[in-house]
Amino acid sequence: MSARERVELAHNAAGRAVPTMVNGKPQIPFLGTGKYQPRGRKAAPPIFSTKDYPDSGDKRVADLETALRQCGLRDGMVISNHHHLRDGDQVALMALEAAARIGVKDLMWFPSASFPSQKNAIELMEKGVIHHIEGSMNGPLGDYCTQGKMRGMGVLRSHGGRYQAIQDGEVHIDVAVIAAPTADFFGNADGSHGKSACGSLGFALADSTYADRVIVVTDNLVPFPCVPWQIQGNNVDFVVEVESIGDPAKIVSGTTQITRSPDRLRIAELVAQFLRAAGIMKNGFSFQAGAGGIALAFVEYLKQMMKQDGVKARFVRGGSTKFLVELLQEGLTDYILDGQTFDLDGVKSIASDPRHVATSPFTSYNYHGKGNFASLVDAVVLGATEVDVNFNANVVTHSDGRLLHGIGGWQNCLFAGCTVLALPSFRDRIPVIVDKVTTMTGPGEMIDVVVTERGIAINPRRADLLDAVTAQGSKLPVRPIQDIKAEVEKICGKPARPKLGDRPCAVVKWVDGTVLDTVWQVS
Amino acid sequence: MSSAVETTSPRSAEAGHWGKEVRSDVHVAFEARNSGGIEISLESRVAPYYGSAILEQTREVLGELGVKHARVAIHDEGALPFIIAARIEAAAGRAGVALGKRSLPEQHPLPPPSQKDRLRRSRLYLPGSEPKYYINASLHAPDAVILDLEDSVHRGEKDAARILVRNTLRAVDFGPCERMVRINQLPLGLEDLAEVVGESPDLILIPKVEEPEQVREVDRVIAEIKQRHGIIRPIWIMPILESALGIENAFAVATATANVAALTIGLEDYTADLGVVKTVEGRESQYARSRVVNAARAAGVQAIDSVFSDVADMDSLRRWGEASRAAGFEGMGCIHPGQIRVIHEAFQPSAIEIEKARKVVAAFEEAESKGLAVVSLGSKMIDPPVVQRALKLWSGQRQWE
């Protein structure tokens, strides 16, 4: 605790006070987009030799405890998991509890995201098994962090930022434990088949290639070879067979649901109309939208317009759902480039259709690479908890400072040709457009359009978009963002700003590893 | 209950709703006391942002209601101020205090008065006890919103709904939408009028009308309240015919007062009255609907169709709307915003009709400017009724645009 009391703060290029040291490591404050140019070489795992692995290829051991022991898990190490099984995952806690039985302490848990069902990690932090978590936290884990109970500082990274941090050596994974819906004894693994199928395993790619030691845990062991393999067995030390890696009902949704709220449907339709009016929806274009209710409805509206106008996309980016799968099957897109798979239709499609391709944070999002797919996408439709009059947006905290969401691919997606935030103008009575966001997650210079049920605000930096939609005499309700804000405040009243604490409990990293903002302890 | 008990024991009551599924409403538990001043407790999902604003507003409202001693427990689910005020007033009223006193929210400027023959293709029903639907209703661009005090409001909630609807008329910006209220059947409906007419609704729907006298009674009461409040803008009336007798008296009802602007039909009750099943095709109500159209036209008012109750079946809704327009109706009710566009499209004249009307109107204007009595298009003489229809269609089209 005392080390955290002495945290030194610096103001970064976004005007935010951020710690200069996080969990004992010096930090670079955000310098502005595209300003930080690291030099040097990537991290690499140690060299291993085939002689140390069985010629039979059979790397199975009895259980996770044995595997962790043989990996040499010790106090203070970093243990990682992926979150493709979402709220249904049982492997992460299985691994952490096995570590507890071995008697190790002070682990840094490094999941690609955590979920409410993993709230038992709190107990493990209380017992000293986990020192702190670097990864998205929400629900009970988020509260534990923002109440200042975690011994270390939380570090929130985007999917691309997590890959970057591993690749650049900012986070060194000692042991990666990879839940695999299908695997062979050699460690080849895949997510698209098996009773716990989840689609892509892309989030585990960095872990499998950069960790010192890699354990694959599966509930569907198939004879060699496991085909296809997204995780290469050549990176895997041990394979553990278990009864179940997760609860299928919570791994993927049976069906993802479009919003039924008329107001949210209106937002979705306005987004689609905007992309059409701005000339973005044209032959060969590409887009990405998430699996939230508004995003799904947007896909449906856009699909109707694509049909009406005879327009076909070259590719769409997933999170895939049945709505994207339908686009593919109806010939409205050539490919789905899929980062994660949200429902059963998505899982079935990625397992059977060669045009439905699994991607990873390396191909899609990693900023320290020779380009990535995110900037090739013409339009992306995202959510946010708050956006300010300068188009800066917050996705990680509620406006009272509590952690609400991870960053996910959100920051990485801002590099698309046109970034659209689709938001209700107020939630409960709380206005979404504010003077200054509680936690800066994305700089306004990268956010082009905010679509609410009360109108569309175009970032003044994007005069081209404004010209494009107004030139054709479109009837879209385009308004200055301040106008929408004023109207909502007239309806709701101007909210008081909750007082945040002055003690950092987590940081938000930008895609290049610099520190964009601080999450403060709430009282 | 003896009067001694009434004056010595605290009188408690509650109003509004709370719970996980409740949005934009508030629950108020009110306990009238004889001493001890005002005591307020607040639980709210928006407490960090609006907690002190809600406390301040509660004190203000109680002050306006003349309440000096009370314990008020507020459980807020993100209600807007005009809703909070309505719920406090309802709870206090139910506790038997502040009777005859009102706490009116800030007045949003009234829209221009409504024209008798304005466009009424769609009217969106908003249940009188569901405040979450009000604030964004006009964004879905119906021609009218209708705040309903009748069938969508439970018997025990009529008093609270009345206050809520009154505050809504006063505080909510419904943009260009006509602001309608459906009152209850008489005599309960007269209590509704006493609460809402002072806030200048544009039109009152009277349910289950069977006799012209019912319309005249409502008209008289509206006139009295208007006079008391100094309201001069019109408040139109749309009687709803929902029984065999009502249909029989359609023309008498439509002509009961000059303030009847439209006549409409309620098919659920009408088919129940006939003892027949209501179908998607609507053959069982063909006679009644034709009768309504004919009576309305004869009276010089609009004929407006019933609602279509399957909100998922847009194809049948479209067919219904097109048939309805072909039969002479000028609009219908919507029970979901998703129906509005389909209805507008169904009631939209075809491009051919519009083009023809445009030509006839141009010919008419030319004839007028030349002082000619006969309107002709090319070599063809146009009959006066055709001209009238074209003028009506063209002005409707301009309103629509």
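Which elements of chain A do the buried residues of α6(A) pack against? They pack against α7 (205–210), α13 (361–364), α14 (410–413) and β28 (504–509) of chain A. This is a predicted model, in which local features need pLDDT of at least 70, side-chain atom pairs count only at pLDDT 80 or more, and totals for chains, interfaces and linings use all residues. Residues are numbered from 1 along each chain as its sequence is written, while chains are lettered from A and ligands numbered from 1 in the order in which they are written.

**Helix α6 of chain A**
- Helix α6 covers residues 159–167 of chain A and is mostly covered, with nine of its nine residues buried (20 or more other C-beta atoms within 10 Å of the residue's own, with C-beta atoms placed from the backbone).
- Among these buried residues are A:His159, A:Arg162, A:Tyr163 and A:Ile166.
- Just after α6(A) comes A:Gly169, with a positive phi of about 85°.
- Helices (H or I, at least four residues) and strands (E, at least two) are DSSP runs, numbered from the N terminus.

**Where the chains meet**
- Here 15 residues of chain A are in contact with 17 residues of chain B; contact means that the C-beta atoms of two residues, placed from the backbone, lie within 7 Å.
- On the side of chain A that touches chain B, α9 (262–277) and α16 (481–492) of chain A each supply at least two residues.
- The most comes from α9(A), which gives three residues to that side.
- By class, this side of chain A has seven nonpolar, one polar and seven charged residues; Ala, Val, Leu, Ile, Met, Phe, Trp, Tyr, Cys and Pro count as nonpolar, Asp, Glu, Lys and Arg as charged, and the others, Gly among them, as polar.

- Leaving aside residues up to four places away in sequence, A:Val271 touches A:Phe298, A:Val381, A:Val420, A:Ala422 and A:Val451.

**Chain B overall**
- Chain B has 14 helices and 14 strands, and 46% of its 401 residues count as buried.
- The C-alpha trace of chain B spans about 90 × 45 × 45 Å along its principal axes.

Note on methods. A residue is buried if 20 or more other C-beta atoms lie within 10 Å of its own, exposed if 12 or fewer, and partly exposed in between; C-beta atoms are placed from the backbone.
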